[in-house]
Amino acid sequence: MSAVPLSRRSLLLGAGSMAMAAGCSSGTSTASDTVRTALGPVRGNRRLTGFAFLNIPYAEPPVGALRFAAPVPPKSWTETKDCTKYGPTAQIEQLSAVTTIPEPSIPGAAYLNLNVFTPDPSSSAKLPVLVWIHGGGFIAGSPASPWYDGASFNRDGVVVVVLGYRLGIEGFLHVEGAPDNRAVLDWIAGLEWVRDNIAAFGGDPARVTIAGQSAGGGAVWALMGAPSARSLFRAGISESGALTQPNDAETAAAGAAAFTQATGVPATVAALRDLTREQLQQLQDKLPQPGVGANPSVLQLAPVADGTLIPESSAAMLNSGRSADVPLLIGFTRDEFNMIAAKVTDATAPTMLSAMGIDAATENAYRAAYPGLTTPQLVGQIGSDLVLRGPGYRVAEDHARRGRPTWLYEFTCGSTASGPYHGMAAHCLDIPYAFDLLSAPNVSTVEGDNPPQALATAMHKAWVEFITHGDPGSAWPRYTLDKRETMIWDDNSHVAQDPFMAQRPLWTH
C-alpha cells in the first residue's frame, strides 16, 4: 500500500542492483544458466551469488478478451526464451514523481511475468522459496525494482520469486461482467507456476513463504483468506501490510459507483475493455489517491471479499478466525507516514482529525499514548496507526490468540539522511535491511550515509531462518498474549515485552 505518495517512496534509488541482476549475461548458454520449465526452456544470467531468470511468463498477456478475465496459462514454447532482462510492468506511471523505492515502468502488455533468483538451478538441495509481492497501494509499484533483488537471499540458500500483477482498475475495480479480485487470481496463478516449476530452479515447492510490504503485505493477508491459495504456501511475512483489505462487498460496489461518478464511464467490461492502458491510467488518476484522510485505511482499488475466492472481509476474518493457520511474521515501522506532519498546522489539524473520524476523546487518548508530540506530529502518528500499525497489531493479536505461530516486530531505526525522513523509521525504510541490500546505490540518500550493516545482517538472518524453518530463531520469541514479546529492530535490537500496552485500547477497540 502507498497511503501517501511522498511517504511511500520519496527519493529515488539508483539501479545498481538492477544492473547486477540484468547485466551479467554470459552470452552463451550452459547447463547451469538454462532451465527447462513446464512450458519451455529459459536462459538467465549467471551472477556472483547464483542466477537470475527475468521476465518468465506465468500467464498470457491480459489483452483483448483477457483484459478483465481470470489469468490464462501461457502457451508453451520450444526455442530457449531469453530471460536476461526485466520484462514489462503493469505500472505505466509511478505513484508520484519522486519515490522512495526505485520502481521502473517498462512498457509492454506481457506484464504477467515473474523473476526468479536462485543460488543454483541445477541443485538437488530443494531450497526454501520466498515469493515476494511488491507494494504500491495496489495501483502502482514494480517487480523490476533493484530493492527486490534476491542476491543476498541466494547467498544464504533461499530461492526468490518476484511477481508482477495487474494493478488499479485492471486488477481490482469491481467491474460488471468480470471476475472480482483479478490481481488476486494473478497472485494465485504465479504461486501455481511456482508449485509446478520451482523445483527446476533448485527450489522446494513444499517450502514456499509468501511475503510483501505495504500493499504486498496486504496481499499476503488476502491470500491467507483465500481457501484455494492455502496449499500453495506454508508461511507468510507481512511488512507494514495494508491489512484492512480485503474490503467488504459493499465497499467494492461503492468504489465502482464512485469510479463512474468521477469519470463518467460505466464500470463495465463493455465500456473499459477496449480502452488503452494510458486511457485507463487517465481515468484512474481521477480517483482519490491512497492517503491519510477520510477512511484512511480503506482503499477503493484493493482485494475484496467476493464470497467465493475470498469469502470474508478482513474484519470478518478477525472475528471468524478463518484465515490460514500458518506461521506469520508481521510488523511495521515506528513512523510509517509521520512525515505528513510537515504539512499539518495547528489550524488544519482539527479538520484532518475529523476527516479521519477522530473525536475529542480519542484524540486525548492518543495524546496519552504518545506524550510529548505536537498536534501536527500527533496527526501524523494517528494516520500511521490507523492505516498500518493498528491493523497489523490486530492481526498479530488474533493470530496469536488462536494459538498460531506469530512473531511481531517494530522497526525503529531512524534515518540519518537529510530531508523528509530525517530521524524517522518511515514506511519502506526497513526493506533494504530485510533484503540486506544496504550497498545498493542511493540507499544512503534515504537511510543516511552509514546505515548499520549489523542491523541488516541480524534482520536478514531472521528472515532467512523464518523462510527456511518457519521460525526466525531463538533470539526472537513467539508473540503470545501472556507476554506479548516483540522484536524491536534498531541499532541495538532487542526483545521488548508488551511495548504497545498504551496503544492497545486504541488499536483493538
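E170 is buried, with a relative accessibility of 9%; buried here means under 20% relative accessible area, exposed over 50%, and partly exposed in between (1.4 Å probe, protein chains only). This is a predicted model, where local features need pLDDT of at least 70, side-chain atom pairs count only at pLDDT 80 or more, and totals for chains, interfaces and linings use all residues. Residues are numbered from 1 along each chain as its sequence is written, and side-chain values use heavy atoms, with hydrogens and water left out.

So what does E170 pair with? Its side chain meets that of R67 in a salt bridge, 2.6 Å from N to O (a side-chain nitrogen of Lys or Arg within 4 Å of a carboxyl oxygen of Asp or Glu). E170 sits in helix α4 (residues 168-172) and R67 in the loop between β4 (50-57) and β5 (81-82), so the pair ties together parts 103 residues apart in sequence. Helices (H or I, at least four residues) and strands (E, at least two) are DSSP runs, numbered from the N terminus. R67 is buried too, at 6%.

Now for R155, which is partly exposed at 46%. Salt bridges with shared partners join R155, D156 and D436 into one network.

| Salt bridge | N to O distance |
|---|---|
| E170 and R67 | 2.6 Å |
| R155 and D156 | 2.9 Å |
| R155 and D436 | 2.9 Å |

R155 lies in helix α3 (residues 151-155) and D436 in the loop between α14 (431-434) and α15 (443-447), so this pair links parts 281 residues apart in sequence. The count by this rule is 19 salt bridges.
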